[in-house]
Amino acid sequence: MASTAMLMTGCSKEKPQSPNIVTVQTAAVSATAHAGDQSYAGTIEEMSGTSLSFAGAGTIRRLDVREGQNIAAGQLIGIIDAQTTANAVAVARATTLQAREVLNQANDAHARMKLLHDNGSLPEIKWVEVETKVAQAKQMLASAQAAELIARKGLADTRLTAPFSGYIARKNADVGQNVLPGQEVVKLVNIDRVKVRISVPEDEIAGLRIGQEVMFRVSSLAGATFLGQISEKSVSSDPISRSYTVWATVANSGHRLLPGMICDVYTSVGRQDRHILLAANLVQIDVDNKPFIWVVERGMARRRSIVLGGNVGENVIVSSGLTEGDEVIVAGQQKVSDGQKVAVVK
């Protein structure tokens with residue numbers, strides 16, 4: 001269903017031609033499955049994305065990404081000034097070492113006093129003091145270790161890394177800028193699969209179903225066509241336009257489809273027929289107001305009358321007059337006449 005309407009072909013390298021030979025470009029036409037007459041405007045959106053920010057406040061010292069860059073999971077994005085947090089880690093580490101030394105001394109005293117206590121030569125009140133000092137030393141060490149973990153977490157938070165592989169869709173900060181916790185620095189999106197957002201009038205929404213296949217054409221990609229499936233339908237309409245939003249998902253392994261691209265979406269409403277589609281600007285009108293196009297047959301330009309059907313976006317359906325494989329002149333047709341010898345180039 002998603003075969004493109006026309007595939008550009010070149011037949012030979014350009015060579016100097018005699019005056020009676022005209023150089024043209026052609027495209028071999030092929031039939032495509034046209035899904036009824038329902039077409040809508042669509043917008044490509046990322047399947048998933050997230051705003052990335054630093055967990056702490058600080059001045060950005062490094063920001064190693066640019067918009068449109070493809071990055072891997074775990075890759076470093078940026079760093080904020082870590083001097084203060086590094087000092088906090090050093091202080092916390094020293095406190096932990098000190099608390100551990102106090103605990104070691106308390107344990108040594110406990111071991112010595114235990115012998116006296118077991119022999120009955122140590123008053124009970126002294127034994128309680130020894131055990132209390134051990135318990136207090138353990139609590140001090142646990143508190144110091146917790147403070148050190150917090151300090152180390154603060155130091156780690158000065159580095160911003162990618163939580164998943166994707167593309168930098170937006171960059172909202174730069175080196176030297178002061179940022180606050182939660183302030184967006186970059187937006188990371190995953191476009192291995194993308195969504196097509198479609199606005200559907202309320203009187204047509206009932207004709208679409210989850211799982212239904214759709215075809216969409218992206219003009220910014222030289223009219224390339226893709227297949228997707230409807231994955232979501234809104235249950236409430238826009239209060240102003242009275243239209244519903246429908247989303248279709250499509251695989252994007254080559255990452256050709258980018259968020260923000262505009263496309264024409266064709267849905268399967270009713271029976272699907274295969275038609276030859278032609279760019280509307282290739283069709284000419286003769287003096288009798290009948291449409292025709294120029295084709296190449298046996299190295300010569302030939303005028304071919306055609307019968308047109310409906311419109312499909314910027315294309316028209318050719319009901320008769322063309323068959324699959326015909327070479328339609330797409331450039332240079334204004335210089336030819338019927339029977340004119342032509343040379344086809346890329």
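A handy term before we start: a residue is buried under 20% relative accessible area, exposed over 50%, and partly exposed in between (1.4 Å probe, protein chains only). What you have loaded is a predicted model, where local features need pLDDT of at least 70, side-chain atom pairs count only at pLDDT 80 or more, and totals for chains, interfaces and linings use all residues. Residues are numbered from 1 along each chain as its sequence is written, and side-chain values use heavy atoms, with hydrogens and water left out.

**Stop 1: the whole chain.** Color by secondary structure and you'll find 2 helices and 23 strands. Helices here are DSSP runs of H or I with at least four residues, strands are runs of E with at least two, and both are numbered from the N terminus. Of the 346 residues in the protein chain, 38% are buried. Contact means heavy atoms within 4.5 Å; among contacts with a separation of 6 or more, 73% join residues 24 or more positions apart.

**Stop 2: the helix pair.** Select 83-118 for α1 and 124-156 for α2: they pack at an angle of about 160°, with axes 8 Å apart. (Axes are lines fitted to C-alpha atoms, for helices over the stretch in contact, and angles run from 0 to 180 degrees between N-to-C directions.) That makes α1 roughly antiparallel to α2, a label for angles over 145 degrees. Show the residues of the contact between α1 and α2 and you get 20 nonpolar, 8 polar and 9 charged. Nonpolar here covers Ala, Val, Leu, Ile, Met, Phe, Trp, Tyr, Cys and Pro; charged is Asp, Glu, Lys and Arg; the others, Gly among them, are polar.

**Stop 3: along α2.** Which residues of α2 are buried? Select W127, V130, V134, A137, L141, A144, E148 and A151. These buried residues pack against α1. An α-helix has 3.6 residues a turn, so residues three or four places apart point the same way.

**Stop 4: two arginines in loops.** Most residues other than glycine have a negative phi. Now pick R242, in the loop between β13 (224-233) and β14 (243-251): its phi is positive, near 60°. R242 is partly exposed, with a relative accessible area of 38%. Then jump to R298, in the loop between β18 (291-297) and β19 (300-305). R298 has a positive phi too, of about 50°. Is R298 buried or exposed? At 82% relative accessibility, R298 counts as exposed.

Conventions. Angles under 35 degrees count as roughly parallel, over 145 as roughly antiparallel, 65 to 115 as roughly perpendicular and the rest as oblique.
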